[in-house]
Amino acid sequence: MEGPSTMTFVYLLLGIAIFVLLYLMTEAVDRA
Amino acid sequence: MDSLLGSLRLVVVTMLICVAGYATVIWGIGQILTSSTAQGSLIMAPDGKIVGSRLIAQNFTEAKYFWPRPSAVDYNAAAAGGSNKSPTSTDLTKRAEEIVSRYGAKAANPLPPELAAASGAGLDPHISVNAAMYQAKRVAEARGLPLSQVETIIRESEFAPGGFLTPDRLVNVLELNLALDRLAAAQ
Amino acid sequence: MVTYAILFVIIIVGTTIALSWPLGNYMKWAMDPESAEGGAARFTRAFRWIGGRVTRVQQDWKRYIVAMLIFNLVMFIVSYAIMALQQYLPLNPDARGAISADLIFNTASSFTSNTNLQHYSGEVSMSYLSQLAALMWLQFVSAATGIAALAAIARGLAGRKDLGNFFVDVQRATFLVLLPLALVVAILMVLGGLPMTLQGAAHAMTLEGAEQIIARGPVAAFVAIKQLGTNGGGFFGPNSTHPFENPTFWTNALEMISIILIPMACVWMFGRIVGRTRHAAVVFAVMLALVLIRMAFAVGFATAPTEAFDQLPIAQNAGNLEGKELRFGATSGPTWAVLTTSTSNGSVGAMHDSLNPLVGLMPMIGMWLNEDLGGVGVGMINMFLYIVVAVFIAGMMIGRTPEYLGWRVESREVKFAIVALLAHGLFILGGTAIFAVTPWGTDTLNNVGPHGFSEMLYEFSSASANNGSGFEGLGDNTVPWNVSTGIVMLLARFIPIILPLAIVGSLMAKRRTAESAGTLGVEDGTFAGMLLVTIVIVGALTFFPAATLGPVAEHFMYMVK
């Protein structure tokens, strides 16, 4: 059976990155 | 951090209650109160084999059976779907032309619209009483039955899906065909 | 046909309005318990115990958002992991295999953001465990996130010291609101004939001797929370057109009620927490007006028969039946389409890709406006953004200080509101533009001409509005679609929650003024009109050109003789 590939981790990181981006936006709004 | 730990604790508790607990309760109620519909409203032949589901259309092409609505997935109940064609699409026209010739519909005797239009999931088990009557002559001839008898069977099976809120009456194609087969077996 | 449609709409919408009022009261009690004693307080203690130390903090707007982001990130990762490993995990009787990585990303983003956009077909790709523990689980907690955010905003506007605690709020919403309602609805669904089994597909031999594999599963439980939480993701691909998700006219009616019930109740809950029920009623009336107008157009345009059959000997007396199911009655499809896109639900009772062109425009408008009812919690939050803008414009027009519920609305707040509203437009129009001029979009269309454009426009509208419905002919299980809509769904979910919370934080830092004779009222017809006009202008100006390229063009090309 096929298992998780490299791309599986890449997209997981992409998701995490978006949440990090949202956190940074929150900080930016706080300083605005 | 506290937020991460709190999140994980919430994950565990919500999984236990909202997934495991909730699904089990509903499953239990289904098994106790409505076990036949809970399993999929399956219809069995006398020998115990599954013939189909009361809720799911199956294909009929022989003249002696009533034919259901068209299915964009060829009645595949493991991968249902609609055509998703725009109602202005020429693909729909081509498909309808083929259906019109199969039914032998003419301008003086137009085809009921649902017999040309595919259903949303491709598994619509019903047709209108009009559509059944439209096919009654063919079915009666193929089975050597008087037309009036076939029409009576249709009338006995018809129902209004929404009571007084739906003026059009429907029939379940599979149940209709099963009734005809039972009649034939009894004779 | 039209009389029955009107009767049906009155019954469904009227019943739900009647149910939403007491539910709104209950939600206020559940989400914002006043006394430190009594029933609700017992629950608060339990929730604090479950959540641990973090629940003892009273959070300001920023801490509340960070808590929400952390929890939602965990939601994303947990569901992602379950789907990525589904082939190794139990509860997989039909032996579903691996899901492609980009699809996992899209689905996890989709269900985390309460969108439930599905670039897959449930019965084809998902194991029962994935459906229950990843997707249905997210349907609970993502809906709870929205309700929690609204409660927090309402508390801020009511003048409290802080916004509460996200981890307590999300439990309140999950266990006290969503779970009891889901239990009731799921039991009714089971009684209505929906399957609820963990057995794999049934193998049938049809009367004509063909094999038919009939997929089934734990459908009743899934469908209940799918509708109640404005989730919308179906157990099966064709969603609520599938006879197992929606077997009868009555399950159809119950599902439609479930779609709009909590979004309506959220407006009352908001009104109760800020202590301005009259204002909530005015807002509710504006939302309802928008819903009913679109409903009228949808039903009206749906009576035109299938254009493709025009030259053939086919009776044309029942409207356009392509993509529709007979047991729901002729106009249920368009009615459902309007309700599901008034809210951010996105489930369907008919194939939207096969709706008459101007009928298909009505769901799009609902998603563009994104607040005529809107998603659970977030619908009212989006309306709050429009209120801020409307109040500001009104104040500027007559030279008075703009004010909302005693809080001065100044340029900082309005800037945040405008950014949030424009982000929606940017995602939709920008995304559609890129895909319309590249093979990313043009290679995936199911229909030619303006209808193909509509398919792409609809997809980005659905992602940005966190709706989840689609013109399902679009071949959207590709890497570009999965990645782009996945990103849009997450950004468009949280930006319009972060910015309103920031607005409330900003307002709370000011002194609250008492209302005087000079205050612009928010409880009268003038305000209602102002709000309606603001919504329509912002929505119309942004999206009207796109509408002409798609649905309107198709209507004039094909339907007008």
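Figure 1. Ala, Val, Leu, Ile, Met, Phe, Trp, Tyr, Cys and Pro count as nonpolar, Asp, Glu, Lys and Arg as charged, and the others, Gly among them, as polar.

Residues are numbered from 1 along each chain as its sequence is written, and chains are lettered from A and ligands numbered from 1 in the order in which they are written. As the model is predicted, local features need pLDDT of at least 70 and side-chain atom pairs count only at pLDDT 80 or more, while totals for chains, interfaces and linings use all residues.

**Figure 2. Chain A by itself.** Chain A has one helix and zero strands; helices (H or I, at least four residues) and strands (E, at least two) are DSSP runs, numbered from the N terminus. Along the principal axes, its C-alpha atoms fill a box of roughly 50 × 10 × 5 Å. Chain A has 32 residues, of which 22% count as buried, with 20 or more other C-beta atoms within 10 Å of their own C-beta atom, placed from the backbone.

**Figure 3. Chain B against chain C.** Chain B brings 91 residues to this contact and chain C brings 101. At least two residues each on the chain B side are supplied by helix H1 (2-33), helix H2 (35-38), strand S2 (50-53), helix H3 (90-103), strand S3 (126-128) and helix H6 (173-186) of chain B. H1(B) provides the largest share, 24 residues. By class, this side of chain B has 50 nonpolar, 31 polar and 10 charged residues. Of the two pairs of chains that touch, chains B and C have the most contacts.

**Figure 4. The two domains of chain B.** Domain 1 covers 2-37 and domain 2 covers 43-186 of chain B, with bounds from an automatic or database domain assignment. Their C-alpha centres lie 39 Å apart.

**Figure 5. Chains A and B, with no contact between them.** The closest C-alpha atoms of chain A and chain B lie 14 Å apart.

Terms used: Buried ≥ 20, exposed ≤ 12 C-beta atoms within 10 Å, placed from the backbone. Contact = placed C-beta atoms within 7 Å.
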